[in-house]
Structures are given as structure tokens and as C-alpha cells.
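Open the model in your viewer and keep the selection panel at hand. We will go from one stop to the next.

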Amino acid sequence: MPLASRRIGRRERNKQDKLQRITAAARELFAEHGVDEVTTQEIADKADIGAGTLFLYAKTKGELLLLVQNSIYADALAEGRTAAESIADVLDAVMATVRPVVECNRQQIDNGRTYLRELLFGDPEEPHHRNALGLTVQTEKAIADVLQRDDRITSDDAATLAHIVSAVMFISMAATINIANPVDDVVQEIEDQVRLLLPR
């Protein structure tokens, strides 16, 4: 029987159900109170599981935040890619890719900044952290694809420029000086820097 047509076993369904409940509980509590104000016990209680079971899915609160934010980030990146497809101007298309990522990171600013800290300093062997790092690679690829629309930018240069744009974006989102700034201001700061990187 082909793998695709095999039914998922009860144990795997139970694991997926628990993971969905944990993710939903953490997302709701983090959005309402912020990651620093929520305990893992509160998440376990809301997900209707034991605290020990929770730690089978994520060992720390930081990993729980990565689990939650990764799915939001992935959706934002997909939105940005789609928006960029219909925009001819390279700078505008890059910013169309970047903007939803900034928006998702700023929905709850403390959570967004904690996510970036976990992304930078977390354990790369942990699966949720690995997934987050994978999203940064996908972001750079999406930006590089846009940059390569300009005939003057080689694929190697596009990859390097995309890495720089990504760094600018993450620093602008994480910077304490921007903590109270609205999304539009953060996006404008990124755009002002990216404009200087592109050929004229």
C-alpha cells in the first residue's frame, strides 16, 4: 500500500491533536498576556494536558514561542511572496515581501522581539528553532528571487544582498529604539536602507 494512502495511526493522531492544542493554547495566551507573563503550567492547563507532556513537545517557553510564531511567520512570508509577484519595481517588490513579516513580528512587540532573540541565540538542534532558521533562509530566497529581476544583479550578488536585507529587517524589528514605532515607521526605516543597496 502506498504511504500516501495509509491511514495515520491512533498514536500519531493523538500526538498531532496534543500539538494542535498546545499551539492554540500558547498562541492565545501569548497574544493576550505576552510571553513573559505566561507560565508553561498555564499553557498545559489550557491545552488540557500535563506539564510533563508539554515538555515532550517543547522544552522551554522560548521553544513554545518559536512553535507558535513559526506558523505565523510562514503565513506572512507566503503573503509577501504573493504580493511581490505582481509588482514590477524591484525595491517595491522587496518591500512587499518584507512588510508582512514585519507586521507579523509586531503584532505583539515583546513576543516578536523574544522570537528574534530565540532565533538568534536558541539551540539550533531543537526542531522549532531549526524550523525558524529555515524560515529565515526562505525569506532570503524570496528576496533574492525578486532582486534577480534586475539584470544588473547576478545570482551570487542577489543572495548576498538578500542576506543583508534580511539582517537590516531583523535588526530594525529588534532594535529597542523602534520598540514604540508603528509598522509603517519600521518598514520605512528598512526601505531607506535597502534603497541604498540597490543599483541605480
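A residue counts as buried when its relative accessible area is under 20%. Keep that cut-off in mind on this tour of a predicted model.

**Stop 1: the whole chain.** Show the cartoon. The secondary structure comes to nine helices and zero strands. The C-alpha atoms fill a box of roughly 60 × 50 × 30 Å along the principal axes. Colour by burial: of the 200 residues, 42% count as buried. Now turn to contacts between residues at least 6 apart in sequence. Of these, 68% join residues at least 24 apart.

**Stop 2: Gln69.** Select Gln69, which lies in helix H4. Is Gln69 buried or exposed? Its relative accessibility is 9%, so Gln69 counts as buried. Show its neighbours, leaving out residues up to four places away in sequence: Gln69 touches Cys104 and Tyr115.

**Stop 3: helix H6.** Follow Tyr115 into H6, where Tyr115 is one of the buried residues. Asn111, Gly112, Thr114, Leu116 and Leu119 of H6 are buried too. The cover over the buried residues of H6 includes helix H1 (10-33), H4, H5, H7 and H8.

**Stop 4: helix H7.** Select residues 127-147, which form H7. How far apart are the end C-alpha atoms of H7? They are 30 Å apart, which agrees with the 30 Å that its 21 residues should span at 1.5 Å a residue. At the N-terminal end, zoom in on Glu126. Glu126 caps H7, with a side-chain oxygen 2.9 Å from the backbone nitrogen of His128.

Next, colour H7 by burial. Its buried residues include His128, His129, Leu135, Ile143 and Leu147. The buried residues of H7 pack against helix H3 (51-57), helix H4 (61-85), helix H5 (90-105), helix H6 (109-121) and helix H8 (155-174).

**Stop 5: H4 against H7.** Hide the rest and keep this pair. Two packed helices are described by the angle between their axes and the distance between the axes. The axes of H4 and H7 come within 9 Å and cross at roughly 15 degrees. That angle makes H4 roughly parallel to H7. H4 passes H7 in a left-handed crossing.

Finish with the side chains. Residues of H4, among them Glu63, Leu66, Tyr73, Leu77 and Arg81, meet residues of H7 that include His128, Asn131, Leu135, Thr139 and Val146.

Methods
Residues are numbered from 1 along each chain as its sequence is written. This is a predicted model: local features need pLDDT of at least 70, side-chain atom pairs count only at pLDDT 80 or more; totals for chains, interfaces and linings use all residues. Side-chain values use heavy atoms; hydrogens and water are left out. Helices (H or I, at least four residues) and strands (E, at least two) are DSSP runs, numbered from the N terminus. The expected span of a helix is 1.5 Å times one less than its number of residues. Buried means under 20% relative accessible area, exposed over 50%, partly exposed in between (1.4 Å probe, protein chains only). Contact means heavy atoms within 4.5 Å. A polar contact is a pair of N or O atoms within 3.5 Å; within protein, one must be able to donate a hydrogen and the other to accept it, and residues adjacent in sequence count only if both atoms are side-chain atoms. Axes are lines fitted to C-alpha atoms, for helices over the stretch in contact, and angles run from 0 to 180 degrees between N-to-C directions. Angles under 35 degrees count as roughly parallel, over 145 as roughly antiparallel, 65 to 115 as roughly perpendicular and the rest as oblique. A crossing is left-handed if the near helix is turned anticlockwise from the far one by less than a right angle, and right-handed if clockwise.
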